[in-house]
Structures are given as C-alpha cells and as structure tokens.
Amino acid sequence: MNAPRTPAADPLHQPAPHESAHLHVRGSALYVDDLPDPPGCLIARAVTSPLAHGRLRALDLRAARATPGVIRVLTAADIPGHNAIGPVVQDEPVLAADLLSFVGQPFALILATSLEAADAAAALVVAEIDPLPAILSIAEALDAGSFLTAPHTICRGAPGAAIDEAPLRVEGSLATGGQDHFYLETQAALVLLEESGSFRVLSSTQHPSEVQREVAGVLGLPSAMVSCEVPRLGGGFGGKESQASGTACLAALGAWATGRPVRMRLRRGEDMRQTGKRHPFWARYRAGFSAEGDLLGLEVELWSDGGATLDLSGAVMDRALFHIDNACFVPALRFVGQVCRTNLPSNTAFRGFGGPQGVAVMQAVLDHAAEVHGFEPLALLRRNLYGGPGRDRAPYGQQVQNNHLHTIIDKLAADADYAGRCAAAAAFNAQSPHRKRGVALHPVKFGISFTKSFLNQAGALVLLYTDGSAQLNHGGTEMGQGLHTKLAAVLAHELGLDPAAVRVMRTSTEKVPNTSPTAASSGTDLNGAAVQDACQTLRARLTPLAATLLGCPVERVRYGGGGVYDAETGARVTHKTLFSKAWMERISLAATGYYATPGIAYDADQGQGTPFYYYAYGAAIAEVELCGLTGEHRLRRVDILHDAGNPLVPTIDVGQVEGAFAQGLGWLTTEELRWDGAGRLLTAGPSTYKIPTAGDLPLALHVALLEGAENPGVVGGSKAVGEPPFMHALAVVSALRRAVAAFGNPGAQVQLRLPATGEALLDAVDAARGGPLL
C-alpha cells in the first residue's frame with residue numbers, strides 16, 4: 001500500500017489534445033488504405049453508367065476479361081445474395097442489372113492485380129444502353145410528379161387565417177444547394193477471407209453494423225459470418241453513414257468471387273461522381289407579422305432532391321421540418337415536406353442532417369421581414385424567441401426546456417459590441433460608395449437525438465488488465481471529431497485511471513454488436529453513457545475488494561489519481577494492485593455497458609411527439625465587407641458563443657465549433673455543385689469545387705463556450721457539439737444581405753441566391769442598385 005497523497009486531477013472537463021494528434025502530424029495514423037496488402041490482394045474498380053437514365057440492353061466483357069492482370073469481371077448475375085442495399089429501404093442495386101438511374105452508377109466490377117490493369121479493362125467494356133428521359137432538378141421532379149416519399153405535415157393552429165389577417169406579410173422562396181462531403185479519405189474498404197467461409201471487412205464507415213449487415217445480405221450469409229472493423233476515418237460528415245456500404249459490398253463480392261483479399265478505394269473524382277451529397281432544398285414560405293414584429297403565422301413548403309433512391313432522405317426531410325422554427329416560437333404554422341426523386345446519385349446524411357436547410361428558412365423569413373418592413377434585425381429576433389409558458393412548445397409539441405437563447409444572445413451582443421459595430425458599419429457605408437459592410441447576429445436551437453428512436457442506443461466493452469491498464473471498446477467510430485478522446489476521459493474518470501493507461505480499440509462488430517451509426521451528434525451521449533454503465537458494473541465488483549485492501553468501509557472508497565483511495569485517511573492502492581488482486585480472487589475484470597436514450601418518441605402521422613432528448617443552443621455575430629465592383633467579400637470578424645453543456649474535453653469542443661463553422665461557411669459561400677444537361681458532375685475536384693481555404697476564414701475568430709450550462713441526464717453534464725455549430729455560418733449570409741442592402745434603397749428585399757459566391761453577390765448588388773454599375 002502506498003503512502004497517502006492527494007489524488008491527481010480528474011481528466012474529465014479538462015483541456016486535452018486529441019488522442020491521435022501526434023499520429024496525424026507524424027503521418028503514422030493508419031487508415032484503411034494504409035493497411036498493408038495481404039498476399040494475393042486484388043484491386044476492385046467499378047464500371048459505371050455514362051448516362052443519367054437508361055436501359056442496359058447488353059454487355060460485352062470479352063476484351064475487358066482478356067486484359068493482362070484482370071482476374072474477374074463481375075455483373076449483377078454473379079451476386080450470390082441480394083442485389084439491393086439501403087439503410088431504410090433496400091432499393092439501391094449493388095450492381096445495376098437493367099435500369100441505370102444516374103451517371104456513375106456501377107453496373108460491372110473489375111478485379112485486377114493493379115489499378116492500372118483495372119482502368120485499362122474498364123475502358124474496354126462495351127455497354128449497349130437505351131437512353132431514357134432524365135430528371136435532374138427539384139423543379140423537373142415537381143413537374144413530373146416524381147417523389148420518393150409522401151408529404152410529411154406538421155401543423156398548429158390556423159396559420160392561413162393568421163397570415164391573411166396580419167397587418168404585415170412576406171412571401172417568398174429559398175433554394176439551398178448541395179454540398180460534397182470532401183472528406184480527406186475517400187470511400188475505402190479492404191476485405192479479407194477467414195476460415196469457414198467468413199469475411200472480415202475493414203471499412204471507412206460511420207456505421208460498421210450496417211456494413212456488416214449489407215455485406216452479409218449481398219453474399220447470402222448470416223451476419224455472424226461477417227465482421228466489420230473500423231481503424232479510423234479520415235473524415236465522414238455523414239457521407240460514410242450509409243454510403244460506405246456500397247464500396248464495402250463491392251469489395252466483399254470480389255473477395256467472395258475470387259477467393260482472394262480485395263481492396264477498393266475511390267479516387268477523388270470517382271467519389272464525387274458516384275456518391276450522394278447534402279440534399280439541395282427548395283422552400284416556399286408565407287408569413288404574417290404584427291405591426292410590432294410578432295410572428296403570427298407561418299406556412300412553409302419544403303422539397304428536397306433525394307436523388308435516385310431513398311437512402312436517408314426521409315429522415316433528413318423530417319429533421320428539416322423539425323428545425324424550420326429554429327429559435328423562434330410560431331403560434332400558428334403549417335410545415336409540409338416531401339422528397340423528390342431525380343436521376344442523380346442518392347443524396348445522404350451530411351452534418352446537420354437537414355437541420356441547416358430548415359433553419360435557413362426561418363433566417364430567410366426574418367431577414368425578408370426586416371428588409372421590407374424596416375425592423376431592426378436583432379430586435380425582431382428577440383421579439384420572437386422561445387420563452388416561458390405559452391411560448392415554449394416546438395411545432396411538434398415538444399417543450400423547449402433549459403432555454404439558454406436569451407442568455408446567449410444578450411451576452412454575445414454585449415461582449416462582441418453588436419450595437420457599436422452596427423453603428424460603425426453604417427458610418428463606413430455612408431462614406432464608401434463601392435465597399436459596404438454588414439453585421440448580423442444569428443441564433444441556433446438544434447435538437448439532439450436520432451429522429452428514428454430505435455437508433456438511440458449504444459454498447460461498450462471495458463477490459464481491465466492486471467498491470468493497471470485498460471482497453472476500451474465502444475460502438476462509435478473515430479473520424480477526427482475526438483470521440484475516442486472524450487470516451488477515454490469518461491473511463492479514466494469513472495475508474496480513476498490515468499488517461500495514458502487507457503487504450504481505445506478499433507471499433508469492431510466482434511466486440512460491440514448492433515451498433516448505431518456515429519451520427520446525429522450523439523456519438524458521445526450514447527457511447528459515453530454505455531462506457532459509464534460498464535465502469536459502474538466494474539466498480540460494483542471491485543469496491544468491496546478495494547475496501548478490504550484499504551481497511552475502510554466501502555462508503556469511503558474513491559477512484560482517482562491513478563489509484564483507489566480512502567476518502568478519509570488518504571490511504572491508497574494502485575490499480576495494478578487492485579486489478580491483480582481481483583484476478584487472484586476470481587473477480588471478472590471485463591464488463592459490457594449499454595444505454596438507451598429515454599423518453600423520446602414521435603408520431604409522424606400526427607406530426608407530434610418528443611423526437612429530441614434536449615436542445616443545444618448558440619449564436620454567432622458575423623461582420624463582412626463586400627466589394628460592389630467584383631462581388632468579392634472579406635469576413636472581417638466572427639464571434640461565437642456556443643452551449644456545449646459542461647464540456648467533457650473543452651479543447652475538443654472548441655475545435656468542433658471552429659470546424660463546423662468553417663464547413664458551414666463553405667456550404668453557404670464557396671461550394672457550388674454544377675451538373676451539365678446530361679447529369680454529369682462538372683465540379684468533380686478541388687480545381688472546380690471550392691472548399692474554404694485559410695483565406696476564406698475570418699480575420700478574427702472568437703469562440704467561447706457558455707459557462708454554467710450543465711446538461712442534466714447526459715454523461716458529464718455535456719452536450720453534443722458535432723452538428724449545431726454548423727449553422728453559425730448562417731450569420732455570414734445575414735451579414736452579406738445587410739451589406740448588399742446598403743448598395744440600394746431601404747425597403748427592398750435582397751435578392752441573394754445561395755451559395756453566396758462572388759457571382760451571386762455581384763448579381764445581388766446589381767439588383768439592389770437597379771442594374772449593373774458599368
């Protein structure tokens with residue numbers, strides 16, 4: 001027994017580096033495609049449709065099969081199990097057999113000893129395809145009546161009458177564009193054959209259990225014959241929640257057909273052409289206000305471009321509808337959403353999962369009203385915020401609890417001198433004919449939980465070793481967001497371990513089965529609670545033994561500071577001593593943990609329920625300067641105050657806020673997807689598709705986390721932080737609208753399309769002026 005000493009600091013709620021940061025900067029972090037080729041490993045390469053819509057009549061594969069280095073060329077006829085995958089409805093072919101639904105859809109698979117041989121063979125495939133009419137936009141889908149879902153309606157009160165009788169009204173539309181995930185690591189999988197006809201899939205996926213299930217179905221095997229392992233992801237952002245399954249299934253099909261390991265990794269252009277993106281949305285809105293600015297009624301119709309198959313589009317539309325209100329109480333409303341079917345790759349999950357598209361509608365409504373009716377924007381916002389009883393019910397009936405919106409907005413406006421900067425911008429604009437500034441504050445209220453209730457569960461497996469170290473297995477995947485860092489801190493806190501003694505293992509369906517995807521910002525909430533549950537089981541087993549070793553009652557046993565100690569005397573034993581003694585006493589040093597989020601349910605038919613466990617809040621102030629001659633703008637300063645509850649690792653959370661803002665900025669200002677009239681993606685690489693660079697970021701960026709915002713009922717009192725900060729970038733759009741408005745006369749609606757590229761901004765300035773300057 002060691003001498004008494006003061007326990008070391010608890011790692012929870014303390015700053016810490018990302019657990020893999022040292023590996024990232026050294027280039028030694030291993031991703032799927034970094035893993036060494038097993039002996040005999042083949043390369044898989046898909047042959048894809050050149051047309052957006054067509055009927056595949058015949059295939060001539062003879063020349064491709066005769067290409068040196070080619071081992072097999074497979075088609076849909078070679079699939080031993082199901083030729084259909086999908087996270088909700090299995091409506092997406094692994095290899096198209098007849099109908100081709102988008103440019104880039106795979107219809108044949110080449111397995112070769114090198115990528116060069118596979119490319120050569122792909123060029124020799126001869127496909128006879130009868131062209132069919134293609135639908136390439138929401139507008140075309142509406143004209144054709146082409147939909148993937150039935151309408152989903154949320155209604156309260158009599159919004160039509162409220163709007164018609166309102167003294168002030170606005171009516172308009174808003175289009176928000178798609179966005180490529182542009183993860184640094186593209187879709188990748190490596191499939192190994194194991195004994196008894198089983199398969200090991202190493203996949204860059206956010207949802208290992210879905211990959212396991214889809215691969216098993218395609219190969220005609222039970223799930224137990226397939227395991228999925230995830231080393232780490234080089235970014236995901238939702239793009240690998242469901243769409244990693246296609247790459248994994250193709251590689252697995254190749255391994256099954258050849259009896260050899262198979263690797264498949266999409267190149268950047270292939271990834272951008274073949275995979276889905278953030279859903280483009282089109283909204284029509286009609287709103288009524290009192291003379292003082294109270295929002296009396298709001299009607300919104302939403303349509304999204306789901307692409308060729310359903311994927312997750314229904315749930316994305318649900319979340320968009322849930323977030324139209326954003327921070328504002330709407331007494332009378334009718335929100336209707338429907339997903340369109342088009343001949344483009346199936347769009348999918350992306351950070352925010354429809355929430356940003358919904359929030360953007362309320363922003364457009366308030367900006368429109370402020371512009372044409374002369375309201376001061378922040379005063380209009382404050383007048384319509386959620387509040388106390390009578391103003392605390394979301395459109396779907398859930399109570400908005402622990403509302404920090406007023407606190408956040410008041411503190412941010414004061415600390416960042418919103419009023420003074422607005423006055424300074426107005427003074428600058430008065431003397432500057434060709435450059436104008438705009439300042440805007442935008443709030444966020446974002447619901448946390450999967451909208452499909454059954455996904456709100458997680459498991460964990462904690463293994464303790466007699467030398468005092470621990471292995472942590474959980475169902476979440478690490479994609480750079482710091483999940484492993486946070487969960488290691490949770491385990492270290494619960495058992496009093498030094499975080500350096502905790503090793504977080506690769507996510508594997510062999511260790512934790514039936515996982516939910518690491519998505520919906522719920523990775524830490526769900527998996528952290530499961531880890532906590534496992535640790536509490538271990539403590540219940542170990543505490544009586546610790547009390548014996550310490551010579552104290554069990555009530556005085558504490559875990560911390562790298563050991564276990566007596567809270568009264570300070571006497572302590574090391575984890576090595578405790579774990580070794582437990583093993584000698586035949587006390588199990590392994591435990592599983594499980595967690596299911598309580599109290600969430602939603603009735604889609606009624607449009608009512610409690611789809612979220614809690615809300616995260618925040619606000620941002622953006623200041624821009626816009627050149628009216630070129631459409632170029634500079635983001636002068638951004639201030640963000642975000643509610644992360646009591647953050648488990650605050651440095652990780654600040655990084656998430658900064659990164660989410662930057663990605664949102666790209667969606668709204670630089671990232672523009674373009675297709676030609678035949679459905680071919682024109683912006684299929686960084687030369688034409690512009691993600692934000694350092695030069696696009698604010699000259700000054702100030703990020704703070706709200707203090708004193710403990711979140712009850714969640715591990716460590718924390719809050720999810722992956723998605724909510726994405727919508728802080730909407731403050732930039734409002735600031736740009738203020739700058740554009742300064743070029744015209746008061747009372748006119750700003751005509752700014754999104755993304756607000758230089759061209760879009762110049763067009764908006766010209767419209768505000770009444771025509772081009774030159």
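In this predicted model, strand E8 (168-176) contributes the most to the lining of the second largest pocket, with 4 residues. The space in the second largest pocket amounts to about 860 Å³. Its lining comprises 34 residues, and those nearest the centre are Ala175, Thr176, Gly177, Phe281 and Leu754. Besides E8, the elements that give two or more residues to this lining are helix H4 (138-144), strand E13 (281-289), H10 and H18. By residue class, the lining of the second largest pocket consists of 19 nonpolar, 8 polar and 7 charged residues.

The structure contains 5 cavities of 30 Å³ or more. The largest cavity has a volume of about 350 Å³ and is lined by 27 residues. Glu92, Gln243, Gly246, Thr247 and Gln274 lie nearest the centre of the largest cavity. Helices H6 (208-219) and H7 (244-258) each provide at least two residues of this lining, and H7 gives the most, with 4 residues. The lining of the largest cavity divides into 10 nonpolar, 13 polar and 4 charged residues.

The second largest cavity has a volume of about 170 Å³. Of its 17 lining residues, Leu366, Asp367, Leu381, Leu441 and His442 are the closest to the centre. Two or more residues of this lining come from each of helix H10 (355-373), helix H11 (377-384), strand E16 (435-448) and helix H18 (730-741). H10 supplies the largest share, 5 residues. The lining of the second largest cavity is made up of 11 nonpolar, 4 polar and 2 charged residues.

Strand pairing was considered in two regions. In one, 3 strands form an open antiparallel sheet in the order E4-E2-E6. Strand E4 (99-100) and strand E6 (126-131) are the edge strands; each has a single partner strand, so one side of each is left without a neighbour in the sheet. Strand E2 (residues 54-60) pairs with E4 in the antiparallel sense over 2 bridges, and Arg55 stands opposite Leu99 in E4.

In the other region, strand E27 (residues 614-627) and strand E28 (residues 633-642) pair in the antiparallel sense over 9 bridges. Ile621 has Asp639 of E28 as its bridge partner. The hairpin formed by E27 and E28 has 5 residues between the strands, and Gly631 in this hairpin takes a positive phi near 80 degrees. E28 also pairs with strand E29 (residues 700-705), here in the parallel sense and over 6 bridges. Within this pairing, Ile640 stands opposite Val703 in E29. From E28 the chain passes through H17 to E29, giving a β-α-β crossover that is right-handed.

With under 20% relative accessible area as the criterion for burial, 15 of the 20 residues of H17 are buried, so the helix is largely enclosed by the rest of the structure.

Notes:
Residues numbered from 1 in each chain as written. Predicted model: local features only at pLDDT ≥ 70, side-chain atom pairs only at ≥ 80, totals over all residues. Heavy atoms only, no water. Buried < 20%, exposed > 50% of the residue type's maximum accessible area, 1.4 Å probe, protein only. Pairing = 2+ DSSP bridges. Right-handed = clockwise from strand over helix to strand, strands pointing away. 1 Å grid on protein atoms, 1.4 Å probe; cavity = no way out; pocket = protein on both sides within 12 Å on 5 of 7 lines; lining within 4 Å. Points joined across faces, edges and corners; volume = space filled by probe spheres on them. Nonpolar A, V, L, I, M, F, W, Y, C, P; charged D, E, K, R; others polar.
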